[in-house]
Amino acid sequence: MSRVELLTPEGLRVDGRRANELRKITAKTSVFSQSDGSAYIEQGNTKCLAAVYGPREVRHRMQALADRAIINVEFNVAPFSTSERKKRSKNDKRSLEVATFIRQTFEPVILTSQFPRSQIDIYLQIFQHDGGLLQSCINAATLALIDAGIPMLDYVCACSAGCIDKVPVLDLNNLEESADTPELTVAILPRTGKVNLLEMESRLHIEKLASVTELATEGCMQIHKILDDVVRKNTQHLKDRLTS
Amino acid sequence: MNCFKDVMATTKTDRSFFRKTRGNAIVKLVREQYLRHDIPCLAESCTVCPCSSLGDQGLLSKESDHYIIPDMSVVMRYLEILEQEEMTGIILSQTIVTSLQQHDKSRTYRKLRHIINDSRRKSVIFYNEVFADTQTPRLPGEPAGERDWRALRKLADWYYHHLGQKKRIILLSEIHPQQESNDVCVYSMQAYLNAYWPTVSLLQNLVHALANVELEDDMERIRMTSSKKRGNTGTAVQGFTEYKSTEELEVGIKSSRFFSGTLRCRSDARDQAYVNSAGKDILIVGNQNRNRAVHGDTVVVELLSENNWATASNEISYEGGSTEEDIEGSQWVVQQTEKSRPTGRVVGILNRNWRSYVATLQEDSPDGSFHLAVPLDSVIPKIRIRHQEAKLIQNQRIVVRIDHWPVSSQYPQGHYVRSLGPIHHLDTEISAILVEHGISVSQATQGFSEASLKEMPIDTPEMPWRPEQDEIKRRKDLRSLTVFSIDPPNCQDIDDALSIRELKNGNIELGVHIADVSYFVKEHSLTDLEARARGTTVYLADRRFDMLPSVLSERVCSLRENVDRYSVSVLWTLDKSYKVLDVWFGRTIIRSSCEMEYEQAQKMLDGESTPAGVDPALSRKLKPFVEKLAQVLRTMRNQRLAKGALELESSEVKFKITKDNEITDIIPKDSMEIHGLVAEAMIMANSYVGKRAYQGYKDAALLRRHPPPSATQFDRLIKAAKSQGFSIDFSSNRSLARSLEIITRGCQNNPEITRMLKTMATMAMNEAGYVSSGQFAVSDYYHYGLALEYYTHFTSPIRRYADVVAHRQLLMCVGDSVAVNDANVRGTVMTQDSKIAEICMNLNLKSRESKLAQRDSTELFQSLYVLQHTMTGPLIESGIISEIRSNGFYVFLPRFGLKGPVFLIEKDGSPIVPLSLVSNKAKEEDYIPNSHIEVSLPTNVSVTSADLPHPINFQLFDHVRVSLKLRKSHAHRHMVYMTLVGLEHTTKLGSSQVDAVTTAQLSRDTMMRSIAEQEEAKAQANAYKDRSKEELETRKQMRKAAKNNGSSIYQLLEPFRKMSIIESTTSQ
């Protein structure tokens, strides 16, 4: 029984946002010194850490490809990420699926042909889960890959959008997600606008698909701005350290 | 980060709280909260916020010198006062809204929403919890109630300063001490009303009544604390038990241990009720099992063990109540079977659905302050009210509301609201009907606010309204076209007119012209809001309650003859075989050449060239048009019928009323061919507009759908038809139509049976309803009865709001410049699915209620007629047995359109079959002694007795003669019932054969006696020839039927001859 009005007639959502507003995003790169590249991103209360290793030698020789690097993604949700402790096994099908999505999203963007017979590892860890797992993972991975200096075509920015009472809403939080709201995640390359990933598991009226996708794409553009800002700030910081 | 802040102007905070889970673990939940700076204050006098751009919302009025902010205690207790139309300038805080939602008071929330949405109330909702300047985080260790109060104080302070310290802000609270000051003061409801509304007696009365009310929630809270102290509350009476806790109910429903649904009590069997849960009915027998639930509540039911299951009662109630089944309730009547059914008991209530009830104080109630009020609606239990001066409201219809029903009380507790007037006065009873069916006070008084009348165009005899020149240029000018309207006599609100002409290339142009209401009633105008709330014009038997001001409905919009009028037209181009080639929609200007009556038009069709009442020259001119029109529409109709449209019937009647409320006659509404033809043109227009609107707004078009009925709904019809030797194929609407057609052809000599069966088919149908196309799948738009893919209501914008919406949508679809401009300037909700769905919900409710009100008023007038006409002598009529129940049957009188009960068994179980059936001489009060009644549902009742030579058989659709009587009642409307006077033997040969088999053992002399009996019946029939001619005419059909069977003694003897053959064969 859902008692809470997810979207009031005045257009406000449960957490005080309007339909087309993102949650607050804070991000930081180079949070680890151990890994080649790392990033931490908070989107609202969803908190995600990404660490990138590589390109390095392929661990299992059998898997090595002669013409390009292979990408390996591991995705993990901390048991303490939700209000009730829940332990997920390592081979949880949901986690594996998310990992596959992310690998497939990045495979065409990373210039893998530059690193034949090598491997790039992306490790993703969710610390706090408040909706929008996939999108924050992709955004974190993008930042970490950039931090690691791995050549890519462009940023990959992901954003989710849903549909509450026929109104498209951006960036659902956990409360909204758990009320069976149809949700769709889009990942795009912001410079070209090419869509890298489009994932939706629920029923959505076909008439609404276009407007929801459009809203999600706009969200991606906003996220791009934020991510770009973070990267530039970080680079500036490094540059300042070099000169001083 | 900068860009982020610019875009959103919000700050992020976290709100954390603890909650208990299902498994009783305590978890900490963290929710984000974004604090905004852009919440508008929604006050007209504010210069800072961008409020005025928010089109359709009501803003806090500039004139008012104070605004009120109610707190939770006021909302819970005095909601009814807040709902009164006098109360304006209410600021509803988000604090209240969240706490209502947390405590599962969605109904209270909906009611508050209703106030906010009504822009005349000048009330707003303010999101103080997400607004940076007013948000109040909970301090460590602070109780929730105190934080809420602090939040409200902060809100009040903010408003006071924000509005330039000019307006007083009044916080209403029952808990917190009163505080007088010039800026923000705290009042209790009582003190507030004393200060601002000292003279409004209704409010003053209400506040007194409500102050003494014990709220159900208070009770719950008391119960929770006292149960630990072991039962200080009164003991449960009558086997009532406490409701289970909400969590327990939720778990039970999810695990299908409990079932939830809306409780429907039966008006004809007081101790039985039904809960429809997921398509199946659960029976609830007795007060004890109903456990304080009232008709209409959403309840949770637990099933009883199977050996406690009961059978549904099938008796006619002796105390009256409605004689016809409710539209909604018709389903279970159909499903009646002998076997026992799932039976349950109420264990909890999810939502009370209490409204205002019309009631009467119980007669001989003792002096004192507590009284029992008996509601008019027999499905509602008696209500205990407290009133000091009961003498004043004795013998009056009063409005009562239920407050709560404690477990220790046999009756629900309520309070008195107002009086409607002395009982059994026509005006009182009419207002009772209006209150019972939720028709708003403003509509009942026929009034419109000054401000809304100011929006209306001027049309007085001195200054008649004329179309504007600009508008004429913009519209398609059809004034030269011959347009005419066909309506009932004395019709004031003509909203449709027709035209037809032959084009030069031989094609035909058919036109339907509808009054252009949406031009005058702009969206969001006061008139529009009022009309939207009213939904429909309510027609009662002797009066009507308009949806629009009369200057529009009777004058400026009404398509009168020989004046220029704006209209919205649908013009079809048809080829020679009447196939639609093209259709044009748009705004036009027309000039009707004639307001025809149905009868005149029908006469033209019948070949009369100059019917009475029409100017001869004009009628000569119009006749070819009418004929051509009829020709085209007949073709259209046949095409649609071929697709599977149903021709259904209902029995409607008109009353002839003199000035002093004397009813001189009841006339069944006749239907001529022309009625069907005009309706066909309207159906055609509606369906084309529906389709066009759907093409334009795929997810927000207002459509009318009619869902196909399910098989169980046909049970009764099938059995009834079977008794007459017909079968019904209901697999699709086309097959059903074909079955009905076969019946029509089969019973040509007995049209009443066809009519009864068709009425039954109508009852089996689902209700058609308005929907927004975005809410349903495309396949669900189908209109079953009319066999159309898309249907809407477009042709009566003067009396239905749905049509106004359809007009706006259509005009925006076709890009009409005025409509598009209006939509841009004023803003429109006509393209928003959720808003249209909301409107549809209201319209469905209103149209159902207005239909029920109309039915109630018809019943009222029928009983008045019986009252007035039984004073001088008995009123004897012939009728048909329409439904057989276990203690009698219902008889339908076609002449009055009235269905009433005939009892064969008295309340105490003794049979009462009048002796007059057997011999003509017996007095009315004499009953056949020692009789025994056998009922075989649903088609047969037989009366046997030792003294009776052979059983008397009553079959479904038998013709009987009955005497109409009135059972007078104090608390209810008078109820019409009937007693048997005689049988009319028009039974077909087939059924008499059945009779013959059962009575095969008759001796010769009893045979002779029955012959004599039939002769007597015949003699009776002859006696009526002496009656007035007028009455005879109405019985023509009956007599014809009687003649067929009883013209000679030989024919009479025929069945007996056959019987004797059987006798001889059986004896062998």
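A crossing of two helices is right-handed if the near helix is turned clockwise from the far one by less than a right angle. The legends below describe a predicted model.

**View 1. Packing of helices H2(A) and H4(A).** Helix H2 (residues 133-148) of chain A packs against helix H4 (residues 206-243) of chain A at an angle of about 30 degrees, and their axes are 11 Å apart. Angles under 35 degrees count as roughly parallel, and H2(A) and H4(A) are therefore roughly parallel to each other. Their crossing is right-handed.

**View 2. Residues at the contact of H2(A) with H4(A).** From H2(A), the residues are Gln135(A), Asn139(A), Leu143(A), Ile146(A) and Asp147(A); they meet Ile223(A), Leu227(A), Val231(A) and Asn234(A) of H4(A). By class, the contact residues comprise 5 nonpolar, 3 polar and 1 charged.

**View 3. The open sheet of chain B.** Three strands of chain B, in the order E3-E6-E7, form an open sheet with parallel pairing. Strands E3 (66-70) and E7 (184-187) of chain B are at the edges; each has a single partner strand, so one side of each lacks a neighbour in the sheet. From one strand to the next, the twist averages 25 degrees.

**View 4. Pairing of E6(B) with E7(B).** Strand E6 (residues 168-172) of chain B pairs with E7(B) in the parallel sense over 4 bridges. Leu172(B) has Tyr187(B) in E7(B) as its bridge partner.

**View 5. Helices on the sheet of chain B.** Helix H5 (residues 144-162) of chain B lies across E3, E6 and E7 of chain B and runs at about 165 degrees to E6(B). Helix H6 (residues 189-196) of chain B also packs on the sheet, where H6 touches E3, E6 and E7 of chain B. The direction of H6 makes about 145 degrees with that of E6(B).

Notes. Residues are numbered from 1 along each chain as its sequence is written. Chains are lettered from A and ligands numbered from 1 in the order in which they are written. This is a predicted model: local features need pLDDT of at least 70, side-chain atom pairs count only at pLDDT 80 or more; totals for chains, interfaces and linings use all residues. Side-chain values use heavy atoms; hydrogens and water are left out. Axes are lines fitted to C-alpha atoms, for helices over the stretch in contact, and angles run from 0 to 180 degrees between N-to-C directions. Helices (H or I, at least four residues) and strands (E, at least two) are DSSP runs, numbered from the N terminus. Angles under 35 degrees count as roughly parallel, over 145 as roughly antiparallel, 65 to 115 as roughly perpendicular and the rest as oblique. Contact means heavy atoms within 4.5 Å. Ala, Val, Leu, Ile, Met, Phe, Trp, Tyr, Cys and Pro count as nonpolar, Asp, Glu, Lys and Arg as charged, and the others, Gly among them, as polar. Two strands pair if DSSP finds at least two bridges between them.
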